[in-house]
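Subject: Structure handover

Hello,

Here is the structure we spoke about. Please open it alongside this note.

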Amino acid sequence: MKTLLDTMAEGNRAAPGASGEGWTAHPTFPGVELKPLVRGAATGGAFSTLMVRIAPGGAMLPHRHDGQVEQHFVVAGRGVADLAGQPVDYAAGALMIIPPATLHSIRAGEAGMTLMALFAPAIN
């Protein structure tokens with residue numbers, strides 16, 4: 001039986017490419033783009049990871065993930081997140097864990113923001 005480590009070692013994750021490759025528009029939030037890194041199919045549904053790029057002044061409006069813990073790691077830029085009514089400064093290097101079903105939003109600063117989001121279990 002193949003283990004999760006075996007599956008990941010087979011390369012079932014995003015290959016490096018040009019910085020503009022692999023990004024798609026978020027289906028709900030204008031000015032937000034997504035780039036899958038590790039899909040849930042590669043982890044047996046245990047987790048998924050994607051990059052999130054928010055345009056300058058753009059926002060991911062209030063939303064929740066009822067069945068997942070979400071983890072954000074800010075790669076570049078600045079902004080403010082709202083976690084269940086509490087403002088949280090986001091800057092490069094910040095890490096945030098968002099419990100399941102917690103209402104949250106993110107607004108990028110004037111230079112925009114890029115973060116890595118991990119969901120456990122995986123989102124589709």
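Below is what was found in it, region by region.

One caveat before the details: this is a predicted model.

Start with β3, residues 48-54. This strand is mostly covered, with six of its seven residues buried. β3 has pairing partners in both β2 and β8. With β2 (residues 32-38), the pairing is antiparallel and runs over six bridges. One of the positions to look at is Leu34, whose bridge partner in β3 is Val52. With β8, the sense is again antiparallel. Here seven bridges join the two strands. Arg53 takes part, and its bridge partner in β8 is Thr114.

**The salt bridge**

How many salt bridges does a search of the whole structure find? One. Glu33 and Arg53 form it, and their closest N and O atoms are 2.9 Å apart. The pair links distant parts of the chain. Glu33 sits in strand β2 and Arg53 in strand β3, 20 residues apart.

Are the two partners buried or partly exposed? Glu33 has a relative accessible area of 30%, so it is partly exposed. Arg53 has 26%, so it is partly exposed as well. The cut-off for buried is under 20%.

**His63**

Next, go to His63, in strand β4 (residues 59-63). Its relative accessibility is 14%, and it therefore counts as buried. Two polar links involve its side chain. A polar atom of the His63 side chain lies 2.8 Å from the backbone oxygen of Leu61. The side chain of His63 also makes a polar contact with the side chain of His65, at 3.4 Å.

Which residues does His63 touch, not counting those up to four places away in sequence? They are Phe29, Thr102, Leu103 and His104.

**The nonpolar patch**

Val69, Phe73, Val75, Leu95, Ile97 and Met116 make a nonpolar patch of about 470 Å². Two elements give two or more residues to the patch: β5 (69-83) and β7 (95-98). Which one gives the most? β5 does, with three residues.

Met116 counts as partly exposed because its relative accessibility is 32%. Note that β8 is also the strand that seven bridges join to β3.

**Gly93**

Last stop: Gly93, in the loop between β6 (86-91) and β7. Its relative accessibility is 47%, so Gly93 counts as partly exposed. The C-alpha atoms of Gly93 and Val74 are separated by 5.4 Å, although the two residues are 19 residues apart along the chain.

Best regards

Technical notes
Residues are numbered from 1 along each chain as its sequence is written. This is a predicted model: local features need pLDDT of at least 70, side-chain atom pairs count only at pLDDT 80 or more; totals for chains, interfaces and linings use all residues. Side-chain values use heavy atoms; hydrogens and water are left out. Helices (H or I, at least four residues) and strands (E, at least two) are DSSP runs, numbered from the N terminus. Buried means under 20% relative accessible area, exposed over 50%, partly exposed in between (1.4 Å probe, protein chains only). A polar contact is a pair of N or O atoms within 3.5 Å; within protein, one must be able to donate a hydrogen and the other to accept it, and residues adjacent in sequence count only if both atoms are side-chain atoms. Contact means heavy atoms within 4.5 Å. Patches are made of residues with over 30% relative accessible area and no salt bridge: like charges are joined within 9 Å, nonpolar side chains (Val, Leu, Ile, Met, Phe, Trp, Tyr) within 5 Å. Accessible areas come from the Shrake-Rupley method with a 1.4 Å probe; for residues, only the protein chains shown count as cover. A salt bridge is a side-chain nitrogen of Lys or Arg within 4 Å of a carboxyl oxygen of Asp or Glu. Two strands pair if DSSP finds at least two bridges between them.
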